[in-house]
Amino acid sequence: MIAVLAVLLVGTFVMVRLFHADPARQVAGPEADPQLVAQVRAELGLNQPIWVQFAQYADGVLHGDFGSSYEAPFAKLPVARVIGETFPWTAALAGVATLMVVLFSVPIGLVSGILTRDNRHRRFTLVFTGGASAIASIPAFLLATFLSAVFAVWLALLPVGAGPDTPVWEAIILPATALALGDIFILARIIRVETLNVLAQDYIRTARSKRLPAHVLYLRHVLPNVLTAALTLGGSVFASLIAGAVIVENVFDWPGMGTKLVSAILVGDYPVIQACVLILGTAVIVINTAVDLALGFLDPRTLNR
Amino acid sequence: MSTSKARLEENHASALAQTWRAFIASPTGVAAGVVFVILVALAIVGPIVWGDPATHLDIFNGRRSPSWQHLLGTDPAGRDILARVVVATRLSLGMGLAGAMISAVIGIPIGIAVAVAGPRLRDVGGRLIDLWLSFPYLLVVIFLSAVVANVGTLSALFAVGLAGAPRLARVTNTLATSIGGREYILAASAAGIGGPRVLLRHVLPNIAEALCISVFGLVGSSIIGFSSLSFLGIGVQPPAFDWGQLLTLGVQDIYATPLAAMAPGVMIAAAGVASGYLGEGLAHALNPLLWTASRGQARADSPTLAGFRDPVPDYSATDRSAEEVLVVDGLTVRLPMDGRLVPVVDSVTFGVARGEIVGIVGESGSGKTMTALAISGLVPFTATVSARRLELNRHSTLSGGRERERIFAAGLGMIFQDPMSSLNPALRIGTQLKEGARHSRGIGSGAVTDRAIQRLREVHVSVPELRLRQYPHELSGGMRQRVMIAMALMNEPSLIIADEPTSSIDVTIQAQIVALLEEINRSRHASIVLISHDIALVSSICSRVLVMYAGRIVEEISARGLAAGEAAHPYTRMLLSAVPDLSRSREEPLVNVPGQSPDFANLPAGCPFNKRCPLAVDKCSRDRPELFPIRTFNTRAACWVAQDAVQ
């Protein structure tokens with residue numbers, strides 16, 4: 001994991017240096033005289049050898065210092081503060097969406113698996129897999145558009161985005177739903193198939209031979225094994241929530257890192273871009289690691305090794 | 001040379017035809033294909049036909065609602081929304097295709113390079129590809145366009161192309177590696193053909209088809225990735241427009257003209273979903289085996305079988321004592337096969353007295369396991385069970401919901417074949433041992449723990465207190481089977497059904513497990529039905545042996561009769577002669593039962609064994625024999641030859 005973070009750190013630095021020959025001119029403005037550009041360059045440390053620059057960059061990042069935003073060059077707005085303001089919004093959105101994914105996909109998948117075991121209810125199987133894969137293959141920003149058209153515009157039930165006078169819990173419903181919906185069905189599909197697999201296992205026959213009540217059979221014998229398998233196959237959806245969040249935020253003007261990142265790209269504010277890429281990339285790595293840990297926790301076979 | 005090449009091409013052509021037929025057979029694939037073709041047609045003719053209304057400014061007619069003139073209304077500048085969406089098809093679709101092509105140009109060489117590299121480089125390269133893949137596709141697209149930070153069509157295209165590359169690198173790598181080990185590649189290498197040539201002449205052509213489909217599968221992602229960038233304002237810039245950009249404009253105006261947002265959204269979704277399904281359908285058609293791993297359809301037991309008969313008249317179970325733990329009379333189990341119900345267990349009749357050990361032997365697929373499952377009420381959902389009588393401890397178990405479960409819970413213990421797969425890997429031994437008694441008999445948790453420990457002692461498991469906290473994978477195979485036996489004993493059942501209890505266990509442990517079963521039979525006075533393909537094992541501990549063939553009992557013989565060589569049915573004798581013994585010379589080949597085990601869907605008329613029987617006479621292929629007492633022997637056999645010999 002440390003190695004991956006290091007790759008990410010070097011990657012962001014190199015990529016930005018590769019594509020931006022002279023950030024100082026960008027900061028100072030296209031019409032600035034050469035003297036001012038040189039002054040800005042010195043101020044930004046851009047006249048030093050590249051490895052010194054990288055050392056400074058890496059050192060700053062490790063101490064939570066991402067430099068200053070170019071947005072208002074002389075105000076020296078620290079990027080760390082920009083991140084500090086936007087990160088909680090993104091975290092809240094992704095967190096609520098993750099919660100929704102877990103809370104809905106597991107019961108939907110498990111129940112539909114149990115309903116369709118041994119080829120029962122074939123029509124339901126057809127409708128479920130067809131509908132689920134259609135919803136799952138629509139990207140989150142389209143779901144966001146459709147949801148806001150229906151619930152905010154036609155039905156006028158929920159607000160589009162976070163305005164100053166809409167309560168956060170109300171404003172978060174649409175973006176979080178848009179973000180979670182696809183992944184709910186991706187996971188529910190996986191869980192349904194895994195439920196069928198687990199139900200065909202020998203140990204389920206053993207459990208049945210003990211004449212256990214249905215809830216014990218399904219919750220104790222089926223569910224843990226289903227979750228292990230489903231997480232192995234579908235654990236990547238949690239990291240993909242981050243990607244969805246970046247885009248969905250822009251649909252709803254959600255004041256998080258995704259919206260910030262896009263506006264930073266549009267004006268070429270690359271200390272902010274660098275920091276956003278670094279933080280979001282780290283979030284992906286953290287989530288993937290958390291999924292691996294959860295997997296180890298769920299599967300006793302990996303614990304003792 | 002030229003003829004073999006022609007033949008190769010012919011084979012190739014027929015393989016293509018086969019792929020095409022398989023593709024046509026999948027409705028979603030065909031529907032997706034139709035949608036995709038329509039989109040391509042729109043991309044070609046759209047700008048020519050609707051180019052003008054799409055760009056014609058008419059500020060006095062901005063934000064109009066749908067009308068006959070403007071089916072989806074107009075945008076703020078008065079341009080026709082429908083026309084704009086249709087015209088945008090060319091750019092969106094074209095960029096999707098171009099993005100996938102860039103991914104191919106970058107990804108495929110990387111995949112091949114990693115596949116043919118030395119072992120260390122291959123390892124590192126594979127890891128890097130996986131690392132790259134562990135980041136969500138759309139996030140990588142945004143990241144890449146962020147670091148380029150040049151807003152515009154070309155940098156968006158670059159981002160989309162580069163983001164898709166690792167997927168193709170991974171696929172190429174997997175395909176090339178899998179094909180690299182095949183004989184003809186090894187043969188080419190042995191013939192001295194160098195690496196690059198092997199690659200071009202042998203590896204690439206063989207993975208080309210699968211690669212094309214992978215590239216196509218990426219088009220959907222590319223379209224969506226590119227549209228996302230345009231939607232975020234960092235892709236296509238005005239005055240050019242694609243779906244993503246139209247969507248942004250629509251969303252900004254969503255309260256006035258919601259259709260302006262919906263229409264491009266629907267198009268992106270349709271293109272993404274259609275190319276996704278199309279790619280899936282093509283891949284499916286190309287390699288059905290790879291993609292239809294029909295998991296989750298496995299049956300507990302899948303004998304194959306047939307010949308439909310009504311239960312035969314009762315001829316047994318009448319003269320037995322009232323102390324019968326199990327009564328099975330005319331048990332028939334039917335499974336659906338080729339659209340009809342085929343009996344895989346046919347009119348099986350027998351009883352088990354208290355304290356008796358009865359063996360059931362036969363080849364795999366003879367219906368032994370299905371008989372056991374029917375007796376214990378565990379047949380698969382699709383099976384139908386019928387019988388004149390089916391009683392456990394004199395309670396009928398033919399039907400009845402909760403009441404029947406109680407009868408089973410109290411009176412029956414089951415031991416299955418493979419203790420590794422038959423124990424739940426995710427639960428502690430203690431949980432699995434205790435839950436039966438706990439939930440179905442309502443015994444308190446303290447008492448049930450004591451009982452579990454006591455049962456583990458009884459089956460000679462060391463340190464039982466520790467075992468309760470362990471998981472199945474922490475125990476040895478023999479230990480696991482002992483746990484299974486302890487589990488079957490938890491509710492002090494009067495009958496234990498052991499289905500091949502020793503077949504998947506180390507040979508050195510088998511004898512111990514058999515001895516343990518005998519010990520339990522003596523100490524607990526529990527009856528046992530022992531199911532096995534091993535007639536020697538069964539005859540060593542059973543008092544009676546039932547020989548099954550094609551779902552029927554073909555001979556019922558006492559263990560003593562069996563030992564004395566009194567088996568009357570030719571099939572029983574064949575099973576006996578298939579047992580290796582020390583008296584036979586090692587140079588002599590082992591005797592197998594000749595012929596194939598029966599195909600239930602196509603049983604021959606008359607005696608189902610007649611095709612394999614060395615003694616068969618005319619009558620055997622005409623009439624079906626019933627079990628018939630062979631008076632000079634301690635046996636009853638369903639065999640015309642044996643019966644005629646007696647009379």
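## Chains and surface

Chain A has an accessible surface of about 13700 Å², and 68% of this belongs to carbon and sulfur atoms. Accessible areas come from the Shrake-Rupley method with a 1.4 Å probe, and for residues only the protein chains shown count as cover. The model is predicted: local features need pLDDT of at least 70, side-chain atom pairs count only at pLDDT 80 or more, and totals for chains, interfaces and linings use all residues. Residues are numbered from 1 along each chain as its sequence is written, chains are lettered from A and ligands numbered from 1 in the order in which they are written, and side-chain values use heavy atoms, with hydrogens and water left out.

The table sets out the two chains. Helices (H or I, at least four residues) and strands (E, at least two) are DSSP runs, numbered from the N terminus. Buried means under 20% relative accessible area, exposed over 50%, and partly exposed in between (1.4 Å probe, protein chains only).

| Item | Chain A | Chain B |
|---|---|---|
| Helices and strands | 15 helices, zero strands | 23 helices, 13 strands |
| Buried residues | 53% of 305 residues | 52% of 647 residues |
| Accessible surface | about 13700 Å² | about 29000 Å² |
| Carbon and sulfur part of surface | 68% | 59% |

A contact means heavy atoms within 4.5 Å. In chain A, 71% of the contacts between residues at least 6 apart in sequence join residues at least 24 apart. For chain B, residues 24 or more positions apart account for 67% of the contacts with a separation of 6 or more.

## Nonpolar cores

A nonpolar core is a set of buried Ala, Val, Leu, Ile, Met, Phe, Trp, Tyr and Cys residues joined through side-chain atoms within 4.5 Å. The largest one has 136 residues, and Phe141(A), Leu261(A) and Trp243(B) touch the most other members. Helix H14 (residues 270-298) of chain A gives the largest share of this core, 13 residues. A second, separate core has 95 residues, including Leu433(B), Met479(B), Leu489(B) and Met490(B).

Ser228(B) lies in helix H8 (residues 195-231) of chain B. Is this residue buried or exposed? Ser228(B) is buried, because its relative accessible area is 1%. With residues up to four places away in sequence not counted, Ser228(B) touches Phe141(A), Ile247(A) and Leu138(B).

## Cavities

On a 1 Å grid over the protein atoms alone, a cavity is a set of points where a 1.4 Å probe fits but cannot get out, and lining residues have an atom within 4 Å of a point. Grid points are joined across faces, edges and corners, and a volume is the space filled by probe spheres set on the points. The count is five cavities of 30 Å³ or more.

The largest cavity holds about 160 Å³ of space. Its lining has 15 residues, and Ser209(A), Lys210(A), Leu412(B), Met487(B) and Ala488(B) lie nearest its centre. At least two lining residues each come from helix H10 (202-209) of chain A and from strand E7 (412-415), helix H15 (429-441) and helix H18 (477-489) of chain B. By class, this lining of the largest cavity has nine nonpolar, five polar and one charged residues. Here Ala, Val, Leu, Ile, Met, Phe, Trp, Tyr, Cys and Pro count as nonpolar, Asp, Glu, Lys and Arg as charged, and the others, Gly among them, as polar.

The second largest cavity has a volume of about 100 Å³. Ten residues line the second largest cavity, and Asp75(B), Ile81(B), Leu246(B), Leu249(B) and Ala260(B) lie nearest its centre. Helix H3 (81-116), helix H9 (243-252) and helix H10 (258-286) of chain B each give two or more residues to this lining.

## Selected helices

Helix H12 (residues 368-375) of chain B is mostly covered, with eight of its eight residues buried. H12(B) is followed by Gly377(B), whose phi is positive, near 70°.

Thr129(A), in helix H6 (residues 122-136) of chain A, is partly exposed, with a relative accessible area of 23%. Leaving aside neighbours within four places in sequence, Thr129(A) is in contact with Arg189(A) and Arg192(A).

Methods
1 Å grid on protein atoms, 1.4 Å probe; cavity = no way out; pocket = protein on both sides within 12 Å on 5 of 7 lines; lining within 4 Å.
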